[in-house]
Amino acid sequence: MDVIKQIDYMIACLEMAKEEYRYEKSYEAKREAGEDNVWNWYERNRTPKKALIKENLRNVGRTGFKLAKDLEVGE
């Protein structure tokens, strides 16, 4: 994988973690407000996944450290 693809991968992981975090916050707000009647089936039966957020952030860390090391060796 070249440098650009690795950076794009890290950006995609961060975007996924960001969207899941936003969903978690909106899920909690809707749950507290009791807005169950406006949710469709998927929104009622999908719960936010903190593991998805954690794993995406870990992937960014791993890829970032590996990329930084590879760039240092390449100089």
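Colleague: Let's start with L52: what makes you say that L52 is found in a helix?

Modeller: L52 is found in helix α3, and that label comes from DSSP runs: a helix is a run of H or I with at least four residues, a strand is a run of E with at least two, and numbering goes from the N terminus. Keep in mind that this is a predicted model, where local features need pLDDT of at least 70 and side-chain atom pairs need pLDDT 80 or more, while totals for chains, interfaces and linings use all residues. Residues are numbered from 1 along each chain as its sequence is written, and side-chain values use heavy atoms, leaving out hydrogens and water.

Colleague: How many helices and strands does the protein chain have?

Modeller: The protein chain has 3 helices and 0 strands, running α-α-α from the N terminus on.

Colleague: Why does L52 count as partly exposed?

Modeller: L52 has 33% relative accessibility. Buried means under 20% relative accessible area and exposed means over 50%, with partly exposed in between (1.4 Å probe, protein chains only). The 33% of L52 falls in that middle range, so L52 counts as partly exposed.

Colleague: And which residues is L52 in contact with, leaving aside neighbours within four places in sequence?

Modeller: L52 is in contact with M16 and E20, where contact means heavy atoms within 4.5 Å. The C-alpha atoms of L52 and A17 are separated by 6.9 Å, although the two residues sit 35 residues apart along the chain.

Colleague: What about N56: buried or exposed?

Modeller: N56, another residue of helix α3, has a relative accessible area of 10%. That is under the 20% limit, so N56 is buried. Leaving out residues up to four places away in sequence, N56 touches C13, M16 and A17.

Colleague: What makes the pair of N56 and L52 a polar contact?

Modeller: A polar atom of the N56 side chain lies 2.9 Å from the backbone oxygen of L52. A polar contact is a pair of N or O atoms within 3.5 Å; within protein, one must be able to donate a hydrogen and the other to accept it, and residues adjacent in sequence count only if both atoms are side-chain atoms. At 2.9 Å, this pair is inside the distance limit.

Colleague: Where does T63 sit, and why is T63 called buried?

Modeller: T63 is in helix α3 as well. Its relative accessibility is 15%, which is under 20%, so T63 counts as buried. The T63 side chain reaches the backbone oxygen of N59 at 2.8 Å. Away from its sequence neighbours up to four places off, T63 touches Q6, Y9 and M10.

Colleague: On to charges: what makes E24 and K50 a salt bridge?

Modeller: A salt bridge needs a side-chain nitrogen of Lys or Arg within 4 Å of a carboxyl oxygen of Asp or Glu. The closest N and O atoms of E24 and K50 are 2.8 Å apart, so the pair qualifies. This pair links distant parts of the chain: E24 is in helix α1 and K50 in helix α3 (residues 50–74), 26 residues apart. E24 counts as buried, at 6% relative accessibility.

Colleague: Why would such side chains pair at all?

Modeller: Side chains of opposite charge can pair when their charged atoms come close.

Colleague: How many salt bridges does the structure hold?

Modeller: The structure holds 5 salt bridges. One of them joins R22 and E19, at 3.3 Å from N to O. R22 and E19 both lie in helix α1 (residues 3–33), 3 residues apart, about one turn of the helix. R22 is partly exposed at 48%, and E19 is partly exposed at 45%. R58 and E55 meet in a salt bridge too, at 2.8 Å, and they are also 3 residues apart, about one helical turn, but in helix α3.

Colleague: Last one: what makes V3, I7, I11 and L71 a nonpolar patch?

Modeller: Patches are made of residues with over 30% relative accessible area and no salt bridge; nonpolar side chains (Val, Leu, Ile, Met, Phe, Trp, Tyr) are joined within 5 Å, and like charges within 9 Å. V3, for example, has 33%, so V3 passes the 30% limit. Together the four have about 290 Å² of accessible area, computed by the Shrake-Rupley method with a 1.4 Å probe, where for residues only the protein chains shown count as cover. The largest share of the patch, 3 residues, comes from α1.
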